[in-house]
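Let's take a walk through a protein structure together.

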Amino acid sequence: MFEALPAKGVPGEQILAELRALREHDLPTHGGRLFAYVYDPALDGLDDLAHAAHAISASVNGLDPTAFPSLLAMENALVAAAAGLLGGGPETVGSVTGGGTESLILAVKAARDSRPDLPAPRIVVPSTAHAAFAKAAHYLRVALDVVPVGADLRADPAATAHAIGADTVLVVGSAPSYAHGVVDPIPQLSAVAAERGVRCHVDACFGGWILPYLRRLGAGLPAFDLAVPGVTSISVDLHKYAYAPKGVSVLLHRDEALRRPQYFAYADWPGYPMVNSVISSTRSGGPIAAAAATLRSIGDAGYLRLAEQTREAVVTLAGAVSAIEGVRLFAPPETSVVCLASDGVDLFVLADELAARGWHTQPQMAYGDLPATIHLTVTAAVQPTAGAFAADLADAVAAARQRGPVQLPAELLGAAAALTPQQVTPDLVAGLAAGLGLDGAGFDRMAAVNTLLDAAPPALREALLTGFLSMLQRPAPGTGPAGE
Ligand SMILES: Cc1ncc(COP(=O)(O)O)c(C=O)c1O
């Protein structure tokens with residue numbers, strides 16, 4: 001049991017050994033076997049460099065750029081690099097944020113606060129937009145108008161135009177969408193927004209650092225960035241395909257006036273007058289320095305090479321999915337995502353079978369008319385392992401076929417079907433978790449959990465997951481205040 005505050009301090013070597021032991025239970029962040037959460041370029045020495053850069057600036061506080069101009073210099077350089085890559089012009093400005101969600105919340109805030117005349121602002125998003133927009137809408141009390149995507153899984157410009165009303169402050173497109181990896185028709189989408197004088201944000205958090213290189217490599221992808229006239233802002237996460245350690249994203253605005261309502265200033269209290277470009281006040285310079293070092297080390301030519309390797313991996317994986325009976329490609333593998341659907345095999349059992357073979361994929365629940373799928377985020381590190389994955393996929397599909405779908409006890413399914421989100425109590429969640437084998441000893445076999453969640457409507461899924469997270473997030477007995 002890990003104890004954060006022992007009665008007496010513990011030697012550093014022991015602490016590091018303890019941390020390493022804890023990490024042994026995590027999924028593998030390196031080696032091209034984890035297809036979500038992590039982005040690995042598999043470049044020798046890059047981690048060491050990023051960690052050293054992080055250490056140099058870890059104590060620097062982003063609260064005040066006049067106190068720490070080193071951070072301002074690095075942030076401006078990161079913004080300039082992102083603007084250069086994403087069609088920015090001389091007027092382009094931006095901010096470095098702590099991640100994609102923060103960038104999106106700030107894009108929504110800027111749009112909302114640009115229209116103080118509207119008592120009930122709204123944003124229009126395609127149904128495939130990242131969940132962070134729902135979070136932004138919730139936090140900022142902005143209404144969310146969700147427009148179904150077309151059969152091609154892309155935002156529908158005509159339906160979007162229809163959804164724009166007098167209270168709309170922002171239209172959103174993805175480049176690409178996380179779930180399926182397809183690029184929305186940004187020129188058409190931003191045109192319908194511009195026609196109505198509405199801002200258009202492109203969520204390129206996921207793909208913004210690889211799409212420009214894929215286009216350079218000849219991929220037939222549409223324009224998606226600030227080079228498109230109606231696009232007013234765009235976000236790109238450096239901790240995704242720029243391969244920087246976690247905690248860095250960039251939000252770009254076409255010009256200064258568009259950015260201004262993103263800021264928050266407050267001087268009406270007895271402490272220091274506060275002005276922030278992002279949500280956090282105090283923030284470490286560590287992730288920013290690590291990102292700056294990563295970009296400088298890889299360089300433009302390096303990113304092109306990494307994009308090429310990623311594409312090779314995508315082509316291998318997509319080819320395998322197409323060739324293996326029992327699964328099929330669900331979305332065109334046009335970027336760095338391979339999204340597969342079932343053609344006769346239970347996907348949740350398949351995900352477990354892959355995990356048993358050391359491949360960690362991301363199941364996605366059914367949504368509306370869309371079936372459950374498996375998502376693979378592909379990074380450069382997958383290139384050398386893609387062939388091995390393909391072989392194991394065939395094997396795992398065969399094993400999943402043999403096992404068949406998870407048969408949940410009828411009483412469990414019945415209970416889940418009858419449950420309302422309001423009935424989800426801590427006791428109920430604890431009982432369900434115990435029944436499904438989620439006793440904290442590991443999360444290896446998740447098919448039963450995923451099957452149950454998949455059967456539940458989204459509001460019930462949310463309540464169950466919230467209850468489950470709350471159950472997990474408790475101090476272990478004996479690790480709290482002395483004497484506990
Ligand atoms: C398209 C897209 N937008 C936003 C986000 C949110 O990013 P973060 O997890 O860094 O907050 C993600 C994360 O996967 C994403 O894929």
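A word on ground rules before we start. This is a predicted model, in which local features need pLDDT of at least 70 and side-chain atom pairs count only at pLDDT 80 or more, while totals for chains, interfaces and linings use all residues. Residues are numbered from 1 along each chain as its sequence is written, and side-chain values use heavy atoms, with hydrogens and water left out.

The protein is assigned domain 1 (52–294), domain 2 (301–403) and domain 3 (410–472); such bounds come from an automatic or database domain assignment. Take domain 1 and domain 2: their centres, taken over C-alpha atoms, are 29 Å apart. Each side brings 24 residues to the contact between them, where contact means heavy atoms within 4.5 Å. About 2000 Å² is buried between these two domains, with 66% of it from carbon and sulfur atoms. Buried area is the accessible area (1.4 Å probe) that two parts lose on being put together, summed over both.

What holds charged partners across this interface? There is 1 salt bridge between domain 1 and domain 2, a term for a side-chain nitrogen of Lys or Arg within 4 Å of a carboxyl oxygen of Asp or Glu. The side chains of Arg154 and Glu334 form a salt bridge, at 2.9 Å from N to O. Helix H8 (residues 211–216) supplies 4 residues, the largest share of the side of domain 1 that touches domain 2. Helices here are DSSP runs (H or I, at least four residues), strands likewise (E, at least two), numbered from the N terminus.

Now look for the ligand. Among the residues around it are Gly99, His130, Tyr178 and Asp237, counted as near if one of their heavy atoms lies within 4 Å. A backbone N or O atom of Gly100 is 3.0 Å from a ligand oxygen.

Last come the backbone details. Most residues other than glycine have a negative phi, and most peptide bonds are trans. Tyr37, in the loop between helix H1 (12–23) and helix H2 (46–57), has a positive phi of about 70 degrees. The peptide bond from Ala175 to Pro176 is cis, with omega near -5 degrees, and Pro176 sits in the loop between strand E4 (168–174) and helix H7 (186–195).

Terms used:
A polar contact is a pair of N or O atoms within 3.5 Å; within protein, one must be able to donate a hydrogen and the other to accept it, and residues adjacent in sequence count only if both atoms are side-chain atoms.
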